[in-house]
Amino acid sequence: QLQASGGGLVQAGGSLRLSCAASGRTFSRYTIAWFRQAPGKEREFVAAISWSDSMTYYSNSVKGRFTVSRDSAKNTVHLQMNGLKPEDTAVYYCAANPVVGTTVPQYELWGQGTQVTVSS
């Protein structure tokens with residue numbers, strides 16, 4: 001099971017850190033990804049990290065502003081979001097899959113979303 005947290009309301013240019021805590025299993029052979037879905041839009045890939053080798057992947061829209069990392073001791077993945085923009089406003093979801101992917105159908109396990117709102 002995955003549980004996302006850390007969302008909130010922040011002004012443009014601000015920062016937030018999201019967390020995705022895993023329970024019931026370990027993710028040593030999984031990729032953990034973050035997706036987001038804005039109102040009226042499709043869910044889109046944001047970032048991912050391979051648990052085994054810590055390789056990271058980012059969408060072009062967040063590269064250089066967001067950082068995904070893992071805390072093995074706590075079985076948790078974080079998404080540090082800096083330089084937030086109003087267009088980053090969305091519900092953010094974490095997801096897990098045994099192989100790397102950037103599309104929604106590739107992910108078999110999803111957490112509930114956490115709302116991120118960036119005001120201008």
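# A walk from the salt bridges to the rings

**Stop 1: R36.** Select R36. At 5% relative accessibility, R36 is buried. The cut-offs for that word: buried is under 20% relative accessible area, exposed is over 50%, and partly exposed is in between, for a 1.4 Å probe and protein chains only. Before moving on, note that the model is predicted, that local features need pLDDT of at least 70, that side-chain atom pairs count only at pLDDT 80 or more, and that totals for chains, interfaces and linings use all residues. Numbering runs from 1 along each chain as its sequence is written, and side-chain values use heavy atoms, with hydrogens and water left out.

**Stop 2: the partners of R36.** Which residues does R36 bridge to? One is E44, with the closest N and O atoms 2.7 Å apart. The other is D88, where the closest N and O atoms are 2.8 Å apart. A salt bridge here is a side-chain nitrogen of Lys or Arg within 4 Å of a carboxyl oxygen of Asp or Glu. R36 sits in strand β4 and D88 in the loop between β8 and β9, so this bridge links distant parts of the chain, 52 residues apart. Strands are DSSP runs of E, at least two residues; helices are runs of H or I, at least four; numbering starts at the N terminus. E44 is partly exposed, at 35% relative accessible area. R36 and D88 are both buried.

**Stop 3: R65.** R65 lies in the loop between β6 (56-58) and β7, while D88 lies in the loop between β8 and β9, so the pair ties together parts 23 residues apart in sequence. Both D88 and R65 are buried. Shared partners join R36, E44, R65 and D88 into one network. The structure holds three salt bridges.

**Stop 4: S59.** Stay in the loop between β6 and β7 and select S59. Is S59 buried or exposed? S59 is buried, with a relative accessible area of 13%. Leaving out residues up to four places away in sequence, S59 touches F45 and V46; contact means heavy atoms within 4.5 Å. For a distance check, pick A38: its C-alpha is 15 Å from that of S59, and the two are 21 residues apart along the chain.

**Stop 5: the disulfide.** Select C20 and C94. What joins C20 to C94? A disulfide does, S to S 2.2 Å. The criterion is a pair of cysteine sulfur atoms within 2.5 Å, and the count comes to one. The link is right-handed, with 75° about the S-S bond. C20 is in strand β3 and C94 in strand β9, 74 residues apart, so distant parts of the chain are linked. C20 is buried at 2% relative accessible area. C94 is buried at 0%.

**Stop 6: the cores.** Select F27, I32, W34, L79, M81 and Y92. These have the most contacts inside the largest nonpolar core, which has 30 residues. Such a core is a set of buried Ala, Val, Leu, Ile, Met, Phe, Trp, Tyr and Cys residues joined through side-chain atoms within 4.5 Å. Elements giving two or more residues to this core include β1 (2-5), β3 (16-22), β4 (31-37), β5 (44-50) and β9 (90-97). Another core, of six residues, lies apart from it; A33, F35, F45 and A95 are among them.

**Stop 7: the rings.** The structure holds five aromatic pairs. Rings of Phe, Tyr and Trp (its six-membered ring) pair if their centres lie within 6.5 Å; planes under 30 degrees apart are stacked, over 60 edge-to-face, and the rest tilted. Start with F35 and F45. Their centres are 5.7 Å apart and their planes at 80°, so this pair is edge-to-face. F35 is in strand β4 and F45 in strand β5, ten residues apart. F35 is buried at 0% relative accessible area, and F45 at 11%.

Next, select Y93 and W110. Centres 6.4 Å apart and planes at 80° make this pair edge-to-face. Y93 lies in strand β9 and W110 in strand β10 (residues 109-110), so parts 17 residues apart in sequence are tied together. Y93 is buried at 16%; W110 is partly exposed at 25%.

**Last stop: charges over rings.** R43 lies over the face of W110, 4.9 Å from the ring centre. The rule asks for NZ of Lys or CZ of Arg within 6 Å of the ring centre and within 35 degrees of the ring normal. Finish at W51: the charged end of R70 sits over its ring, 5.6 Å from the centre.
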